[in-house]
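Subject: Structure handover

Hi,

Here is the structure I promised to pass on. Could you load it before reading my notes?

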Amino acid sequence: MIKRVVIAGGGTAGWITAAALSIQMGELLEIILIESDAIGTVGVGEASIPPMRTFHKLLRIDEQEFMKATSATFKLGISFENWGALGDHYLHAFGKAGKETWLADFHHFWLCAKEKGLANDEIGEYCIEHQAAKANKFATSPDSPISYAYHLDAGRYAGFLRKISEEKGVTRIEGKITRINQNSSTGFIESIDLESGLSIKGDLFVDCTGFRGLLIEQTLHTGYEDWSHWLPCDSAVAVQTTAVEPAIPYTRSISRDYGWQWRIPLQHRVGNGLVYCSRYLSDEKAKENLLQNVVGDPLSQPRVIKFKTGKRRKFWNKNCVAIGLSSGFLEPLESTSIHLIMMGVTRLMQLFPFSGINDSIVNHYNQASSDEFEQIRDFIILHYKATSREDTAFWRFCKNMEIPDTLRQRMNLFVENAQAYQAGGELFRVDSWLQVMMGQGIMPKSYHPFARLMPDNHLREFLGQLKSQVAQVVNRLPEHETFIKSYCAFSGTK
Ligand SMILES: Cc1cc2nc3c(=O)[nH]c(=O)nc-3n(C[C@H](O)[C@H](O)[C@H](O)COP(=O)(O)OP(=O)(O)OC[C@H]3O[C@@H](n4cnc5c(N)ncnc54)[C@H](O)[C@@H]3O)c2cc1C
């Protein structure tokens with residue numbers, strides 16, 4: 001019987017896991033979380049994607065309370081700058097463009113109109129989120145049609161979830177883990193020893209110890225599938241700066257000579273970082289490059305973080321489930337890590353092994369988690385592969401590298417037929433694939449002939465109506481900053 005869950009680690013992963021388990025299953029479980037103040041957390045991870053809102057609703061987290069506590073701003077997408085080519089710019093917005101038919105997605109009609117000279121615009125003009133982001137506008141209400149996510153302060157988010165979890169009965173133990181004890185015949189984890197001499201027993205252990213993977217790797221030697229041949233960046237340097245301009249409602253991702261830079265606007269500060277490949281750029285040069293390209297005064301010393309892109313061979317091994325950085329890492333280009341944490345704990349709750357752990361449940365969990373990681377991996381590789389940049393050795397490598405067959409097939413399908421799809425259970429929707437492919441210069445050779453059946457005047461009218469509906473919605477929205485001040489002004493100290 002599984003009754004006592006021990007969560008090792010109190011970063012974003014540990015506290016999301018603790019909050020979800022205690023809110024949903026607190027009456028059935030005893031939950032203990034161990035964290036070490038001396039070791040600390042990775043301290044980054046501040047941009048999210050829309051499914052976070054659904055997860056918060058499941059946990060009955062009040063949006064305004066959460067945003068006030070974490071200095072959060074709204075996020076409508078990501079602005080990609082210099083990715084396809086130097087000087088290029090596109091937005092990966094969270095919404096849908098236009099209106100599809102059952103036979104053909106909207107972009108087929110738009111491509112047809114462009115070919116006939118009936119449209120001379122960007123596909124983003126048919127998407128509310130895209131236009132609102134460009135205009136720096138935002139508002140939400142319970143029946144809002146807008147798809148959005150948040151930028152948030154990672155440290156304050158963990159603190160916010162800790163408070164909820166402790167109120168729901170989670171026991172927090174502060175201390176450094178020094179030893180993990182396994183059953184000598186099964187290899188299952190039995191207990192965790194702390195520096196203080198305390199030993200904590202458990203039935204199920206969740207490894208949220210970050211890149212260290214104290215349980216899943218250092219103890220159970222699960223193994224790691226390395227994807228750095230497709231995603232060669234292996235380092236990041238992060239620094240926080242003062243906010244000197246109103247927060248924009250999107251993340252900025254600016255491609256640089258040997259990687260890319262993020263800019264994440266919070267209410268009280270800005271998070272900045274440079275993700276880079278250490279084969280081409282030293283840590284010292286990376287720090288210099290980042291500091292040259294930030295706006296506002298640095299609030300901290302630049303901090304270097306090393307990582308290896310890939311995933312654990314098993315996410316669940318024996319009686320240990322890895323959630324967060326201990327389970328694998330995909331660089332934050334599409335802000336997917338917090339989402340993967342939320343999916344990991346949701347899947348664990350759905351499959352929770354109350355009456356014992358068996359292979360079928362473990363295999364199912366591992367397969368679903370692995371598929372999810374691979375689908376996101378392909379989407380991220382697309383950004384590097386679909387470039388015409390050849391101005392540095394790093395970009396030449398990315399442009400010419402081999403890619404997974406799954407991604408190659410998708411790219412070919414789009415180039416030949418303008419077909420994009422969202423596979424079963426996949427995170428990224430058709431519009432996401434489209435925006436990145438076309439945004440980075442992959443234009444299809446043809447489109448669905450169904451679009452040609454629409455008479456020219458109907459097609460013109462159809463597009464015109466959609467565009468004016470989007471413009472009407474966006475015109476009515478307030479400025480992002482104005483809405484934040486009235487809806488969720490930061491309640492903490494700066
Ligand atoms: C450069 C970078 C940028 C990122 N940006 C984003 C983003 O924009 N969006 C997004 O969704 N994600 C992002 N991520 C990922 C995100 O930061 C992580 O998914 C998230 O912070 C979860 O981390 P974690 O809790 O798994 O690990 P950590 O934060 O490292 O926490 C590990 C915990 O384990 C504890 N611990 C470790 N060893 C011991 C020990 N011996 N004894 C006791 N306790 C121990 C630590 O004290 C800590 O509490 C980014 C990651 C990186 C590296």
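Below are my notes on overall dimensions, the sheet, the core and the ligand surroundings.

Please keep in mind that this is a predicted model, in which local features need pLDDT of at least 70 and side-chain atom pairs count only at pLDDT 80 or more, while totals for chains, interfaces and linings use all residues. Residues are numbered from 1 along each chain as its sequence is written.

Let me start with the whole protein. The radius of gyration is 23 Å, which agrees with the value near 23 Å for a compact globule of 494 residues (taken over C-alpha atoms; the rule is 2.2 Å times the number of residues to the power 0.38). Along the principal axes, the C-alpha atoms fill a box of roughly 75 × 50 × 45 Å. The protein has 14 helices and 21 strands (DSSP runs numbered from the N terminus: H or I of at least four residues, and E of at least two).

Now the sheet. Six strands make an open, mixed sheet, ordered β7-β2-β1-β11-β20-β19 (strands pair if DSSP finds at least two bridges between them). The edges are β7 (171–174) and β19 (316–317); each has a single partner strand, so one side of each is left without a neighbour in the sheet. Strands β11 (residues 204–207) and β20 (residues 320–322) run parallel and are joined by three bridges, and Phe 205 has Cys 320 in β20 as its bridge partner.

On to packing. Buried residues account for 48% of the protein (buried means 20 or more other C-beta atoms within 10 Å of the residue's own, with C-beta atoms placed from the backbone). The largest nonpolar core holds 141 residues, and Ile 7, Ala 8, Ile 16, Ile 31 and Leu 76 touch the most other members (a core is a set of buried Ala, Val, Leu, Ile, Met, Phe, Trp, Tyr and Cys residues joined through C-beta atoms within 7 Å). Helix α9 (residues 359–385) gives this core its largest share, eight residues. Tyr 384 lies in helix α9 and is buried, with 26 other C-beta atoms within 10 Å.

Finally, the ligand. It is surrounded by 39 residues, the closest being Gly 9, Gly 11, Gly 45, Gly 210 and Gly 324 (C-beta atom, placed from the backbone, within 6 Å). Among the elements supplying at least two shell residues each are α1 (12–25) and β13 (235–242).

Conventions: A residue is buried if 20 or more other C-beta atoms lie within 10 Å of its own, exposed if 12 or fewer, and partly exposed in between; C-beta atoms are placed from the backbone.
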